Amino acid sequence: MNGAPPVERTAVRVWDPLVRIGHWSLVACIAAAWFTSEGYGVWHDRIGYAALAIVCLRVVWGFAGPHYARFKEFVRSPAATLDYARRMATASEPRHLGHNPLGGWMIVLLLVVIALVGLSGWLYTTDRYWGVEWVGELHEALADALLVLIALHVGGVALASYRHRENLVAAMLHGRKRPQGADEG
Ligand code: HEM
Ligand code: HEM
């Protein structure tokens, strides 16, 4: 028999179950938080707190989890990130088995903004800040900013999938990716 071996046998395990389940649960929570935000009720709070809990778990995992889940694996220096962005502009950026430098910073930003949306929402429910207009407005503005970041994140995923001819969404589902070629970063 010749030809390439089946992908299943050669693929590398990159995303562990906690990263994958955490990701899709977070997506579900943010979507549900939006659907329950009009005519606000107790479910909106509960779902928002669930999103906060996932973010906390992911932060701990970023220090204690396996190799590809760790922040130190995918949070690069500003110089390395800028270099990656420049190479992206000329369609010559290297493929990364873990998150690429721009994707890595986007992940940090998403986690921070989700935490701020959740905390501002909680603040608005406290006796001291209940009904205080700027707190409600801050919560809504942060939720809007989150939407913009999500659009950029999904756009980045689509672009990287296209550039490197791989289905990153499927990889986030089953956790496997094709191994790194000799010419890849
Ligand atoms: C509420 C919306 C979303 C949020 C908050 C979000 C957040 C995140 C986070 C935090 C990660 C890092 C995963 C980790 O290391 O734990 C990530 C990665 C990823 N997300 Fe999302 N995501 C969202 C929506 C989506 C959607 C709709 C898709 C699919 C189209 C998607 C596809 C991916 C993929 C493929 C990765 C891995 C990227 C890579 O290969 O480097 N995300 N996302
Ligand atoms: C993390 C995910 C969350 C998202 C995406 C989100 C999103 C939103 C949005 C878009 C609104 C505005 C609804 C409108 O148009 O009137 C809203 C309102 C509100 N949210 Fe959240 N929220 C989240 C978490 C939370 C949490 C954890 C709490 C509190 C425990 C909370 C409490 C509130 C309250 C009290 C309002 C009403 C604010 C007002 O009337 O101005 N939210 N949320």
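Two residues are in contact here if their C-beta atoms, placed from the backbone, lie within 7 Å. Keep that cut-off at hand for these exercises, which use a predicted model.

**Exercise 1. Helix 5 against helix 6**

Find which residues of helix 5 meet helix 6, and work out how the two helices are oriented to each other.

*Solution.* Start with the contacts. From helix 5, the residues Ala80, Thr81, Tyr84 and Ala85 take part, and their partners in helix 6 are Pro101, Leu102 and Trp105. Sorted by class, this contact holds six nonpolar residues, one polar residue and no charged ones.

Next, the geometry. Helix 5 covers residues 78–89 and helix 6 covers residues 101–125; their axes lie 8 Å apart and form an angle of about 120°. Angles of 65 to 115 degrees count as roughly perpendicular and those over 145 as roughly antiparallel. Helix 5 and helix 6 are therefore oblique to each other.

**Exercise 2. Checking helix 3**

Compare the span that helix 3 should have with the distance between its end C-alpha atoms, then say where its buried residues pack.

*Solution.* Helix 3 runs over residues 42–64, which is 23 residues.

Now look for the buried positions: Ile47, Gly48, Ala51, Ile54, Val55 and Arg58. These buried residues pack against helix 2 and helix 6.

**Exercise 3. The shell around ligand 1**

Describe the shell around ligand 1: how many residues surround the ligand, and which helix gives the largest share?

*Solution.* Count first: 20 residues surround ligand 1, with Val19, Ile30, His99, Leu168 and Met172 the closest. Then assign them to elements. Helix 2 (17–35), helix 6, helix 7 (133–163) and helix 8 (168–174) each give two or more residues. Helix 2 gives the largest share, six residues. Last, sort by class: the shell has 14 nonpolar, five polar and one charged residues.

Terms used
Residues are numbered from 1 along each chain as its sequence is written. Chains are lettered from A and ligands numbered from 1 in the order in which they are written. This is a predicted model: local features need pLDDT of at least 70, side-chain atom pairs count only at pLDDT 80 or more; totals for chains, interfaces and linings use all residues. Axes are lines fitted to C-alpha atoms, for helices over the stretch in contact, and angles run from 0 to 180 degrees between N-to-C directions. Helices (H or I, at least four residues) and strands (E, at least two) are DSSP runs, numbered from the N terminus. Angles under 35 degrees count as roughly parallel, over 145 as roughly antiparallel, 65 to 115 as roughly perpendicular and the rest as oblique. Ala, Val, Leu, Ile, Met, Phe, Trp, Tyr, Cys and Pro count as nonpolar, Asp, Glu, Lys and Arg as charged, and the others, Gly among them, as polar. A residue is near a molecule or strand if its C-beta atom, placed from the backbone, lies within 6 Å of it. The expected span of a helix is 1.5 Å times one less than its number of residues. A residue is buried if 20 or more other C-beta atoms lie within 10 Å of its own, exposed if 12 or fewer, and partly exposed in between; C-beta atoms are placed from the backbone.
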